[in-house]
Number of protein chains: 2
Amino acid sequence: MSEHQRNLWPTMQFLLEVVEILTNYIRKTFDRSTKVLDFHHPHQLLEGMEGFNLELSDQPESLEQILVDCRDSLKYGVRTGHPRFFNQLSTGLDIVGLAGEWLTSTANTNMFTYEIAPVFVLMEQLTLKKMREIIGWPDGEGDGIFSPGGAISNMYSVMIARYKFFPEVKTKGMAAAPRLILFTSELSHYSIKKASAALGFGTENLILLNTDERGRVIPADLEAKVIEAKQKGYVPIYVNATAGTTVYGAFDPINEIADICEKYGMWLHVDGAWGGGLLMSRKHRHKLNGVERANSVTWNPHKMMGVPLQCSAILVRERGILQGCNSMCAGYLFQPDKQYDVTYDTGDKAIQCGRHVDIFKFWLMWKAKGTVGFEQHIDKCLDLSAYLYNKIKHREGFEMVFNGEPQHTNVCFWYIPPSLRGMPDGEERRKRLHKVAPKIKAMMMESGTTMVGYQPQGDKVNFFRMVISNAAATRSDIDFLIEEIERLGHDL
Amino acid sequence: MSEHQRNLWPTMQFLLEVVEILTNYIRKTFDRSTKVLDFHHPHQLLEGMEGFNLELSDQPESLEQILVDCRDSLKYGVRTGHPRFFNQLSTGLDIVGLAGEWLTSTANTNMFTYEIAPVFVLMEQLTLKKMREIIGWPDGEGDGIFSPGGAISNMYSVMIARYKFFPEVKTKGMAAAPRLILFTSELSHYSIKKASAALGFGTENLILLNTDERGRVIPADLEAKVIEAKQKGYVPIYVNATAGTTVYGAFDPINEIADICEKYGMWLHVDGAWGGGLLMSRKHRHKLNGVERANSVTWNPHKMMGVPLQCSAILVRERGILQGCNSMCAGYLFQPDKQYDVTYDTGDKAIQCGRHVDIFKFWLMWKAKGTVGFEQHIDKCLDLSAYLYNKIKHREGFEMVFNGEPQHTNVCFWYIPPSLRGMPDGEERRKRLHKVAPKIKAMMMESGTTMVGYQPQGDKVNFFRMVISNAAATRSDIDFLIEEIERLGHDL
């Protein structure tokens with residue numbers, strides 16, 4: 001045993017003890033008798049719980065104390081893999097995906113060059129091609145990259161659309177272009193707005209489109225607003241169609257939007273961060289009909305496909321444009337005189353320099369489940385949401401935010417406590433109903449039994465948004481959620 | 001045992017077998033008789049190695065095959081933790097950090113709200129405060145966020161500088177501002193250029209500053225260029241001073257640059273992605289003197305501090321500006337009527353929506369090493385680079401790119417094979433010397449013994465850039481590198 005190997009021994013023991021903590025945590029996560037969370041307020045955790053002190057110090061702690069810190073960090077956290085955690089679009093804990101992430105962190109490398117990530121770079125390339133084939137682009141041609149989340153993927157789409165029409169902006173800035181206009185649904189994700197602010201368009205030049213009662217963009221409204229912008233002398237260049245909105249789970253009509261984009265020469269982006277996963281399902285992929293006409297697509301396997309966080313792809317139909325838009329040809333990283341084919345180096349396409357390996361867990365899950373495994377998962381989640389919808393649509397005390405079976409797994413509803421049931425519609429009822437969901441949510445978190453999101457939207461007061469992406473969830477968990485809402489909300 | 005628990009059993013077994021693969025990998029990584037890499041060209045890996053096929057299929061593979069896939073993915077990768085891997089600024093494999101990353105992926109949550117990441121959100125807050133204290137901002141006041149890498153952190157700095165002076169750009173776009181000018185060293189990281197392109201400034205409005213023989217910005221050149229820009233009617237708003245350039249490891253003179261920024265009312269950003277770690281060392285932190293005068297600082301613990309990838313912070317002196325710049329107030333995520341103090345929700349400060357938990361591994365390492373542990377690590381790496389410098393500065397066949405002890409761990413040098421040693425300086429020698437480093441590097445990779453980076457810079461032909469950030473590296477590894485370069489390059 002070398003000296004370093006000898007020195008290594010206690011830390012390897014430590015690592016195995018952490019694994020013990022983690023596997024216990026995983027087993028409990030899938031056990032419904034375990035709480036989803038053990039809620040504490042910030043000031044409580046900051047003051048320090050028994051034996052758990054967040055403060056950093058000058059002197060090292062013992063490895064024994066570090067193990068306690070690990071245990072406590074999990075103890076006071078939230079079990080996002082719990083079958084009754086419905087709070088976010090990303091839920092669940094896939095063990096193969098998790099193993100993939102552990103391997104990724106052990107490999108501890110960077111996606112920017114083939115040189116130091118040969119296997120991962122090729123996996124990314126093959127997987128992106130497969131995704132483009134599924135989108136329906138001929139022979140899976142095109143380009144793409146995994147990015148740190150859907151917001152950055154959407155930001156890429158705006159950048160490359162601008163580069164397509166006004167490449168001189170890269171060197172001369174926005175001053176070189178006329179007033180450029182972007183369009184997106186009033187119910188789309190806020191990242192489009194963030195991108196318009198960050199990239200120098202300005203949020204006022206992002207025009208919000210009206211939606212129908214189900215939350216889908218009204219194509220005629222898009223066309224009218226395009227014409228209006230052109231009449232003012234502005235230049236419409238980009239439309240984002242959402243496939244699966246965050247709250248309603250609505251799918252904008254891509255084909256009709258694509259017609260308008262073609263007619264007026266605009267870039268069509270499909271934000272399928274949430275809904276892209278449905279492309280894996282023969283039963284549900286029709287909801288994205290027309291996606292093959294998009295110029296770019298955001299698709300987050302870390303949402304509907306259950307891949308651990310983070311895993312988001314931006315896919316682009318035209319080859320070379322991602323590189324053209326972002327390349328700066330840094331000589332110290334992308335030497336042209338390497339011994340291998342340097343077109344495999346991905347770094348110059350990215351707005352990042354170092355880039356985390358997000359592909360391996362996804363690739364490994366795909367190997368383990370096959371395309372059919374993802375399809376089964378997605379069909380199952382959508383079945384569960386139909387079950388929930390059918391169960392509550394006529395149930396006393398529940399009111400749907402919109403009618404009709406959900407397009408995605410989003411089910412949006414109000415719980416009406418008995419005290420409000422007889423009340424006439426009006427300001428007083430609205431005011432009181434607005435407070436119901438937050439109160440129930442707070443009680444859920446205090447009791448730690450389940451978690452589900454709520455929000456107001458437009459003129460609608462706070463309502464619950466139930467979403468299902470967790471492979472561990474069953475009908476009994478849906479039943480539990482409904483009963484829990486009734487139990488906690490009954491006396492409000 | 002519930003049904004799910006029973007179903008869980010084989011995958012938990014699988015996870016433990018993956019752990020076995022990973023711990024074997026780690027042990028071998030620290031063993032110098034193991035190769036750094038087993039190089040294959042892209043086409044070789046794509047054609048498929050024995051038993052290892054990268055293609056995805058419709059049908060699932062067995063867990064046994066998945067284990068083989070895991071083993072092979074590591075086998076054909078690069079051991080970035082190997083004591084003789086010197087190829088990047090991020091090297092090494094800290095076991096406590098790794099354990100932290102495994103825990104992070106098991107928790108599988110998202111940094112955007114306190115609601116689902118209470119412990120991690122508080123750890124981030126406390127750690128950022130500690131970093132601001134170390135920078136020297138009074139009482140550690142200010143703000144900050146961990147971002148997916150130094151390029152994004154630098155992009156943040158440009159965004160908030162613009163917001164500080166021209167907040168109306170957020171809503172009205174760059175058209176609302178005069179022609180804005182940014183400044184950075186000609187040797188700074190290319191992310192500043194990427195940011196100027198992406199954010200709509202245009203790369204032509206990023207003025208590059210001349211550097212001295214050691215690669216440090218010449219302050220007089222900055223002032224002259226500021227005056228010139230103003231005379232043209234442009235508005236200089238931002239200067240990036242690099243603390244530790246990528247190739248030379250040079251530290252720009254922050255105090256002198258800060259004087260000019262104050263005189264002309266410009267934002268001072270310090271890109272300490274690489275050099276920020278030196279703030280932890282009482283011996284070396286003077287190289288960043290004046291950093292406390294910066295408006296914002298990028299600092300990547302995943303580089304000089306040995307934290308696993310990724311871990312990068314953007315720190316901001318003025319409180320509230322990060323939020324002001326980026327907030328879009330998405331109602332579905334950042335409900336104001338939650339039961340806890342929602343100022344702890346971090347998402348609206350970010351350009352991302354979902355954000356990976358990059359803090360835990362860093363926090364855990366800090367606990368385990370203490371501030372003094374980071375200091376020892378940094379001092380040791382700088383000692384090693386001084387050892388390398390002193391060893392080769394007068395050695396036959398080696399020529400330094402610049403004279404004087406390195407400021408950081410970067411040691412830049414040419415290896416001159418015997419066949420070139422007698423040759424007079426001139427185009428022919430330059431042409432031949434330019435090919436030496438790539439050839440040696442290719443042979444290194446083929447033999448798998450070590451890895452070190454090279455690049456040309458300005459009028460200088462390809463030279464080696466040695467950097468040391470790996471805690472496992474010793475003097476014997478430095479000796480090995482020199483001998484290996486001589487062995488491989490002798491007959492060129």
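Student: Is B:Asp139 buried or exposed?
Tutor: B:Asp139 is exposed, with a relative accessible area of 64% (over 50% counts as exposed, under 20% as buried and in between as partly exposed, using a 1.4 Å probe and protein chains only). This is a predicted model, in which local features need pLDDT of at least 70 and side-chain atom pairs pLDDT 80 or more, while totals for chains, interfaces and linings use all residues. Residues are numbered from 1 along each chain as its sequence is written, chains are lettered from A and ligands numbered from 1 in the order written, and side-chain values use heavy atoms, leaving out hydrogens and water.

Student: Where is B:Asp139 found, and what is its phi?
Tutor: B:Asp139 is in the loop between helix H5 (118-135) and strand S2 (143-147) of chain B, where helices (H or I, at least four residues) and strands (E, at least two) are DSSP runs numbered from the N terminus. Its phi is positive, about 55 degrees, although the residue is not a glycine.

Student: And which peptide bond in chain B is cis?
Tutor: The bond from B:Leu309 to B:Gln310 is cis, with omega near -10 degrees, and B:Gln310 sits in the loop between strand S7 (296-299) and strand S8 (312-316) of chain B. In chain A, the peptide bond from A:Leu309 to A:Gln310 is cis, with omega near -10 degrees.

Student: Switching to rings, how many aromatic pairs are there over all chains?
Tutor: A search of the whole structure gives 35, where rings of Phe, Tyr and Trp (its six-membered ring) pair if their centres lie within 6.5 Å, with planes under 30 degrees apart called stacked, over 60 edge-to-face and the rest tilted. One of them joins A:Phe362 and A:Trp366, whose centres are 5.4 Å apart and whose planes are at 45 degrees, so the pair is tilted.

Student: Why are A:Phe362 and A:Trp366 about one helical turn apart?
Tutor: Because they are four residues apart in helix H12 of chain A. A:Phe362 counts as buried at 0% relative accessibility, and A:Trp366 likewise counts as buried at 0%.
Tutor: For B:Tyr248 and B:Phe402 the ring centres are 4.8 Å apart and the planes at 55 degrees, so that pair is tilted. This pair links distant parts of the chain, 154 residues apart, and both B:Tyr248 and B:Phe402 are buried.

Student: What lies over the face of A:Tyr234?
Tutor: A:Arg179 does, at 4.3 Å from the ring centre; a charge sits over a ring if NZ of Lys or CZ of Arg is within 6 Å of the ring centre and within 35 degrees of the ring normal. In chain B, B:Arg179 lies over the face of B:Tyr234, at 4.3 Å from the ring centre.
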